[in-house]
Amino acid sequence: MSVINKIRERSGLAVGIIAVSLILFIVGGDLLGGRSLLFGGNQQEVGEIAGQSIDYQEFNAKVDELRAQFEQQSGRAPVDQDLVQIREQAWNQLLFEIAYQKEFDKLGLQVTSEELVDMVQGNNISPAVRQAFTNPQTGVFDKSSIISYLKGLKNLPAQQQAAWASFEKNLASDRLREKYEGLMRLSVFATTAEAQKEYQAQNSKANVKFLFVPYYTINDTTVKVTDSQLEDYLSKHKDEYPGSDSRSIQYVTFSVAPSKEDSSALYTQIKSLARGLGAATNDSTFAQQNSDVRVPLYLTAGEMPEQLRAAIPTFAPGGIYGPFREGNTYFIYKYGGTKRDTNFTARASHILIQTKGLADSAKADARRRAEGILKQIQGGASFEALAQTNSDDGSRSVGGDLGYFKNNGQMVKPFETAVFGATSAGLIPRLVETEFGYHIINVTQPKTNVLYRIAAIGKAITPSQTTRDEALRKADQFASDVHTKEEFDAKVKEDKSLVVATADRIPEGANQINALTGSEVRQIVRWAFNDKTDINSVSEPFEVGDQYVIAVLTNKTAKDKVSINDFRNELTAKVRNELKGEQIISKLGNASGTLESISQKYGAGALVETVEDINLATGFLRSAGVDPVALGKAFGLKPGKRTKPFAGEGGVLIMEAVSLTPAPAVADYALYKTQIQQNNTQRVGFYINEAIKDAAKVEDRRAKFY
């Protein structure tokens with residue numbers, strides 16, 4: 001009895017505990033997770049724009065609105081990649097509504113209701129409206145269709161009315177942006193001095209000779225770089241190495257690739273389907289219902305895979321061909337006769353001797369060269385070999401083979417006429433001239449308009465559950481055995497089948513890591529950026545597509561704190577080249593004599609080259625590549641003079657001016673002024689966006705939520 005009384009005495013306390021527990025269960029995430037101001041902070045904030053906090057609920061509402069518009073317009077639900085773009089669109093809209101609007105208000109920019117009416121149904125129809133109401137069959141825009149639509153708008157479903165309201169809102173936003181960017185473009189101006197400088201850079205010519213000792217001629221292992229040297233270089237070049245919030249990882253993958261057993265099981269299945277396809281009265285329907293791959297019912301010989309095309313001579317109505325394996329897919333085909341196509345198909349190879357842009361004398365030389373090659377082939381020389389050594393076309397690597405093509409404008413007219421005018425396979429005994437040059441053509445498959453009726457079933461080899469379970473078992477075993485970077489490295493050395501991949505400086509919003517793609521990648525990124533993930537920590541297996549990924553965190557970088565580890569590889573390369581430059585310059589000493597004699601005295605690695613007619617705007621120094629400092633020094637020399645050895649972009653150089661040809665004097669630099677203004681104007685939109693984001697101090701924390 002006393003026990004029962006004690007229970008009664010404490011029942012009120014028990015009820016209270018249960019009630020508190022329920023409250024904590026329901027709202028505990030808000031209270032204890034930091035989402036409420038009760039404990040400080042706001043973890044529901046996806047970002048901040050111009051001092052205005054963007055709440056998760058607010059942002060998600062805009063995402064849902066855009067998602068609904070996408071579904072209405074596309075007729076389907078968005079996939080992962082679509083959602084990434086939708087969220088980006090939602091963020092940009094908020095950026096526009098908050099940061100851009102402040103700039104519009106400062107200038108008094110707005111779009112009036114009268115202006116919007118004019119854009120929709122007046123005399124200045126917006127291109128977006130024009131596109132939306134253009135008849136797809138006739139390609140004709142009819143303003144009356146807009147007016148008719150607007151009159152009936154109130155009778156349409158609420159969803160469509162909301163979609164139109166959003167469309168009009170976007171029209172006004174776009175017009176505001178156009179006005180703002182238009183004002184900014186009008187502020188872009190190039191001075192006469194700038195135009196004159198650009199003219200001189202493009203038209204002053206120089207012939208120069210130089211000695212070049214590339215940095216790579218000194219082995220990297222012989223040049224030691226210390227951390228103090230890296231620190232010193234970074235402190236002098238801070239602006240070149242801005243900080244960022246990023247993570248670096250190494251990872252191994254355990255592929256869920258189909259096993260031999262999976263392939264064997266599918267092969268058995270495809271043979272069973274072959275019997276069904278052979279017996280089917282409606283073979284095209286049977287094929288569609290059982291195939292993983294949609295194949296057109298009628299194919300030309302050129303559209304067939306090679307194995308099926310080789311079987312054409314054996315085709316018999318109702319015959320089954322295959323299984324043929326293409327990659328990870330088995331195919332079987334049923335032949336059902338032929339019909340005629342409206343177009344012809346042929347296959348040909350060619351050798352192109354290019355003439356585009358050449359002077360008449362050079363074209364004559366090209367024709368003589370082409371005629372010589374044609375005579376060699378007619379005399380028995382190999383077409384494929386001559387194509388590989390002489391053709392100016394990308395097909396040279398495959399002996400000039402162009403594959404199959406149709407007479408529907410795929411090829412330029414003279415070429416097409418020559419190939420489809422041939423009645424049999426073989427070399428066309430004349431040159432064919434087109435806008436690209438002279439062609440020597442070999443027709444390898446003469447024209448045909450035969451279409452083959454082929455009912456096809458393709459079944460992809462996919463891993464069975466047993467195969468997936470085995471891959472996961474291996475990944476779990478690896479993860480259970482390693483907990484540090486050292487253990488990770490040791491385990492990889494034991495298993496030669498594993499390959500370590502490296503991904504440096506992954507941003508927090510990354511949706512891809514090297515070749516890893518898909519929404520699952522975000523799991524890895526969020527793990528790497530989790531405050532509880534320390535450097536050298538090893539992850540659990542992540543399933544990404546058809547593989548399991550185990551990662552180790554190797555480095556963290558912070559936007560407001562740059563260290564040499566953030567850019568160690570880049571900094572090391574720069575400092576190493578500086579040290580190599582000092583060694584090379586020291587070895588060259590007080591160079592005297594001709595550049596050739598200096599080169600011989602230096603020894604292996606020194607090159608002497610001459611370039612003619614270079615300019616400051618686009619100068620290219622052959623082995624030394626593009627080197628603005630070297631170009632500047634060359635144009636600053638008097639003919640016959642040379643520089644002392646100096647460190648350039650790719651090595652140490654000594655520049656010698658052979659001759660300089662100043663740009664001819666002109667009275668008007670308007671053309672170059674226009675060039676500069678156009679180049680600057682094209683980038684205005686980008687610069688505006690970056691400037692506004694910078695001024696608004698945008699903080700984007702979406703990556704913590706998605």
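This is a predicted model: local features need pLDDT of at least 70, side-chain atom pairs count only at pLDDT 80 or more; totals for chains, interfaces and linings use all residues.

Q: How is the span of helix 13 judged?
A: The expected span of a helix is 1.5 Å times one less than its number of residues. Helix 13 (residues 360–378) has 19 residues and reaches 27 Å from its first C-alpha to its last, close to the 27 Å expected.

Q: Which residues of helix 13 are buried?
A: Burial is read from relative accessible area: buried means under 20%, exposed over 50%, and partly exposed in between (1.4 Å probe, protein chains only). In helix 13, the buried residues are Ala 366, Ala 370, Ile 373, Leu 374 and Ile 377. Viewed down the axis of helix 13, these buried residues fall within an arc of 100°, so they line one face of the helix. The arc is that of the directions from the helix axis to the C-beta atoms. On the face of helix 13 turned away from the buried side are the exposed residues Ser 361, Arg 368 and Lys 375.

Q: What covers the buried residues of helix 13?
A: Cover is a matter of contact, which means heavy atoms within 4.5 Å. The cover of helix 13 includes strand 7 (329–354), helix 14 (383–390), strand 9 (426–427) and strand 11 (437–460).

Q: Which residues of helix 14 are buried, and what covers them?
A: In helix 14, Phe 383, Leu 386, Ala 387 and Asn 390 are buried. They cover an arc of only 105° around the axis, which puts them on the same side of helix 14. Their cover includes strand 7, helix 13, strand 9 and strand 11.

Q: How does one describe the packing of helix 3 with helix 23?
A: Axes are lines fitted to C-alpha atoms, for helices over the stretch in contact, and angles run from 0 to 180 degrees between N-to-C directions. The axes of helix 3 (residues 80–107) and helix 23 (residues 684–695) come within 10 Å and cross at roughly 90°. That makes helix 3 roughly perpendicular to helix 23; angles under 35 degrees count as roughly parallel, over 145 as roughly antiparallel, 65 to 115 as roughly perpendicular and the rest as oblique. Helix 3 contributes Leu 95, Ala 99, Tyr 100 and Glu 103 to the contact, and helix 23 contributes Ile 688, Asn 689, Ile 692 and Lys 693. These residues divide into five nonpolar, one polar and two charged. Here Ala, Val, Leu, Ile, Met, Phe, Trp, Tyr, Cys and Pro count as nonpolar, Asp, Glu, Lys and Arg as charged, and the others, Gly among them, as polar.

Q: Is Leu 308 buried or exposed, and what does it touch?
A: Leu 308 is found in helix 12 (residues 306–310) and is buried, with a relative accessible area of 0%. Not counting residues up to four places away in sequence, Leu 308 touches Phe 315, Tyr 321, Phe 324, Tyr 333 and Ile 454. Leu 308 and Ile 332 are 24 residues apart in sequence, and their C-alpha atoms are 9.4 Å apart in space.

Q: Where is a peptide bond cis, and where do residues other than glycine have a positive phi?
A: Most residues other than glycine have a negative phi, and most peptide bonds are trans. The bond from Gly 322 to Pro 323 is cis, with omega near 5°, and Pro 323 is found in strand 6 (residues 320–326). Asn 536, not a glycine, has a positive phi of about 80°; Asn 536 lies in the loop between helix 18 (521–529) and strand 13 (542–543) and is partly exposed, at a relative accessible area of 32%. Asp 613, in strand 15 (residues 607–614), has a positive phi near 55° and counts as exposed at 55% relative accessibility.

How values were computed. Residues are numbered from 1 along each chain as its sequence is written. Side-chain values use heavy atoms; hydrogens and water are left out. Helices (H or I, at least four residues) and strands (E, at least two) are DSSP runs, numbered from the N terminus.
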